[in-house]
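Okay everyone, thanks for coming.

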Amino acid sequence: RVLPGVLVQTGDPRGDLTGGPGYSIEAEFSDRPHVSGVLSMARLVDPIEQQNAMPRSEFANSAGSQFFICLDDEKTRELDRRYTAFGRIVSGIEAARAIGNLPIADPETHRPATPVKVQAIEILPVDAANNPYARLFQAAEESTPALPSTQPSLE
């Protein structure tokens with residue numbers, strides 16, 4: 001499923017947006033923002049969410065194998081604290097953006113005119129001694145401007 005410029009959804013073994021693994025996992029909503037490159041679990045949408053309510057548990061806990069990749073910081077902000085963000089693309093976001101710009105064959109299913117298959121994904125293990133994602137946090141900290149000092153200066 002492609003919402004042009006917004007997100008790309010995959011993980012459906014049937015390829016019709018109804019497939020899953022036969023089980024569901026509990027939601028883990030957090031403060032992690034749904035910015036470009038974030039991977040998050042797809043789930044059923046609760047109709048009460050249109051009234052700005054949080055999803056009921058049977059909807060919140062309906063994720064299985066389908067997930068989506070966010071492509072736009074502003075347009076995916078409404079997903080914050082409502083979907084389980086579990087990862088982030090560390091390289092190759094250009095491929096996801098290219099998929100997100102494909103022409104759509106069916107506006108109802110958001111299926112792209114040209115079928116796309118994920119050929120390979122590498123998931124790196126993380127432990128205290130080996131954290132391949134540490135550089136992401138370091139880069140974010142380095143780019144955050146320092147707060148002004150609250151200490152008075154003495155002359």
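Let's start with helix α2, residues 93-100, where Ile-93, Ala-96 and Gly-100 are buried. Those residues sit on the same side of α2, because they cover an arc of only 60° around the axis. And keep in mind, this is a predicted model.

So what covers the buried residues of α2? The cover includes three strands: β1 (2-3), β2 and β4 (67-70). Take Leu-7, which is in β2, residues 7-10. Leu-7 has a relative accessible area of 6%, so we call it buried. Between Leu-7 and Ala-96 there are 8.5 Å in space, C-alpha to C-alpha, yet the two are 89 residues apart in sequence.

Okay, on to the charges. The count is 5 salt bridges, and Arg-43, Glu-49 and Arg-82 are linked in a network of them. Glu-49 pairs with Arg-43, with the closest N and O atoms 2.9 Å apart, and with Arg-82, where that distance is 3.7 Å. Arg-82 is in the loop between β4 and β5 (85-88), and Glu-49 is in the loop between β3 (38-41) and α1 (57-60), so this pair ties together parts 33 residues apart in sequence. Buried or exposed, Glu-49 and Arg-43? Both are buried, and Arg-82 is buried as well.

One more salt bridge: Arg-77 with Asp-80, at 3.7 Å from N to O. Here Arg-77 is partly exposed, at 36% relative accessibility, while Asp-80 is buried, at 13%.

Methods: Residues numbered from 1 in each chain as written. Predicted model: local features only at pLDDT ≥ 70, side-chain atom pairs only at ≥ 80, totals over all residues. Heavy atoms only, no water. Helix = DSSP H or I, 4+ residues; strand = E, 2+ residues; numbered from the N terminus. Buried < 20%, exposed > 50% of the residue type's maximum accessible area, 1.4 Å probe, protein only. Arc of directions from axis to C-beta. Contact = heavy atoms within 4.5 Å. Salt bridge = Lys/Arg side-chain N within 4 Å of Asp/Glu carboxyl O.
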